[in-house]
Amino acid sequence: MRILVIGANGQLGAEFMRHQNSGFQIDGVGRAECDICDLQEVQQCLNRYDPDVVINCAAYTAVDAAEENREVCFAVNHDGVLNLAKCCAERSIPLVHFSTDYVFDGQKEGVWYEDDTPNPINCYGESKLAGEDAIRKVCNQYLIFRISWVFGQYGPNFVKTMLRLAKTRSELNVVSDQYGGPTATPCIVRAVLGSLANSRSGERGLAWGTYHLPSEPFVSWAQFAEFIFAKAQELELLSVVPQVHSIPTSEYPTPAKRPLNSRLGSGEQEVSACDWQTALGRLLPGIIHSLEGE
Ligand SMILES: NC(=O)C1=CN([C@@H]2O[C@H](COP(=O)(O)OP(=O)(O)OC[C@H]3O[C@@H](n4cnc5c(N)ncnc54)[C@H](OP(=O)(O)O)[C@@H]3O)[C@@H](O)[C@H]2O)C=CC1
Ligand SMILES: Cc1cn([C@H]2C[C@H](O)[C@@H](COP(=O)(O)OP(=O)(O)O[C@H]3O[C@@H](C)C(=O)[C@@H](O)[C@H]3O)O2)c(=O)[nH]c1=O
């Protein structure tokens, strides 16, 4: 099975590109070779690589900046995704796509399931929901995975932000009333490739549709920060770490509102990410090393 990864230079796309020995042939294109906002370029790209499955990792992910750049955000997360959906549908190629916990408003008690009604409270979340809807409208063969609080070796993420701040700060204020499931990129890649492998081998694969990829234990951003620093100390990667002060969201104003409850659950028992705490321990040495030159 030939897989084409779109957005191959981003945080998640780059992780897919590392899984060449997974039994799939994986090609990847970055924005320079395939700008999803350019329909012709997407068509040419699919003609050139002739994949069996497309995995889309391209997105506009700057949550705060999106509030002021609504047009650009929708151009990528809706219009670009619609281009991909049309091209895949025309060729009868399945499209794997990623969405976010930020499609929900965070007001529910307990976990969010696939059949809960989205109600985004920021521009990024709105644009991601619009992208999902475009795929559901145009494609018959698709898998949309909603994921949350992603971190990995590549690209910007909260783990890197905390470790950068640790270089200069002895104390950090971090919000403790927003809860969710941090998710490591290797766990996402394994879950997705695993479900594609099951479909290929004729085992019960996932039916086409929209799924959550739960990642537990759920934590607040403040607890996540504390865990990052504790793990870095335990592994003797950092000798001194900042003290984390828990604060309410009201004391950390941001241009974009974020959901207070971002905990994702799934009605599909087979879908889940691997343990993020163990994954973080494996990733930390590489992440800290990559920040050393900055
Ligand atoms: N990061 C997170 O915490 C979460 C991410 N997700 C979703 O997971 C997916 C992957 O996210 P992640 O890897 O973290 O995001 P990144 O921002 O790290 O990567 C996105 C990639 O998309 C590329 N891109 C942007 N615009 C275009 C375009 N017009 N055409 C082609 N490529 C483009 C970017 O290129 P360039 O660098 O040139 O801009 C970048 O390489 C996205 O769908 C995101 O919404 C869901 C939940 C949480
Ligand atoms: C840096 C920092 C952030 N915060 C808060 C702000 C915010 O509420 C929370 C997380 O901050 P960030 O801006 O790093 O994370 P954010 O960009 O909101 O992360 C989101 O990205 C998109 C792409 C998604 O799809 C989501 O799943 C989620 O991962 O932590 C602090 O309280 N203190 C700090 O020092």
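Mentor: Helices, taken as H or I runs of at least four residues, and strands, taken as E runs of at least two, are DSSP runs numbered from the N terminus, and this is a predicted model.

Trainee: Which element gives the most to the shell around ligand 1?

Mentor: The shell around ligand 1 holds 25 residues, with Gly10, Gln11, Ala58, Ala59 and Gly155 as the closest. Helix H1 (11–17), H4 and S4 are the elements that give two or more residues to this shell. With 3 residues, the element that gives the most to the shell around ligand 1 is H1.

Trainee: How many residues of the shell around ligand 1 are charged?

Mentor: The shell around ligand 1 contains 12 nonpolar and 10 polar residues. The number of charged residues in that shell is 3.

Trainee: Which element gives the most to the shell around ligand 2?

Mentor: Around ligand 2 there are 19 residues, the closest being Thr61, Val63, Thr100, Val175 and Trp221, and the shell divides into 10 nonpolar, 7 polar and 2 charged residues. Helix H6 (158–166) and strand S7 (171–175) each supply at least two residues of it. The element that gives the most to the shell around ligand 2, with 4 residues, is S7.

Trainee: Which are the edge strands of the open sheet of 6 strands?

Mentor: The open sheet has the strand order S2-S1-S3-S4-S5-S10, with parallel pairing, and its twist averages 20° from one strand to the next.

Trainee: Which residue in S4 stands opposite Ile55?

Mentor: Strand S3 (residues 53–56) and strand S4 (residues 95–100) run parallel and are joined by 3 bridges. The residue of S4 that stands opposite Ile55 is Val96.

Trainee: At what angle to S4 does helix H5 run?

Mentor: Helix H5 (residues 123–138) lies across S4, strand S5 (142–147) and S10. Taken between N-to-C directions on a scale from 0 to 180 degrees, the angle of H5 to S4 is about 155°.

Trainee: How far apart are the end C-alpha atoms of helix H4?

Mentor: Helix H4 (residues 70–91) has 22 residues, and because each residue counts for 1.5 Å, the helix should span 32 Å.

Trainee: Where does H4 bend, and which residue follows H4?

Mentor: The bend in H4 is about 30°, and its place is Val76. After H4 comes a residue whose phi is positive, near 55°, and that residue is Ser92.

Conventions:
Residues numbered from 1 in each chain as written. Chains lettered and ligands numbered in written order. Predicted model: local features only at pLDDT ≥ 70, side-chain atom pairs only at ≥ 80, totals over all residues. Pairing = 2+ DSSP bridges. Contact = placed C-beta atoms within 7 Å. Expected span 1.5 Å × (residues − 1). Bend = angle between axes of the 7 residues up to and from the residue. Near = placed C-beta within 6 Å. Nonpolar A, V, L, I, M, F, W, Y, C, P; charged D, E, K, R; others polar.
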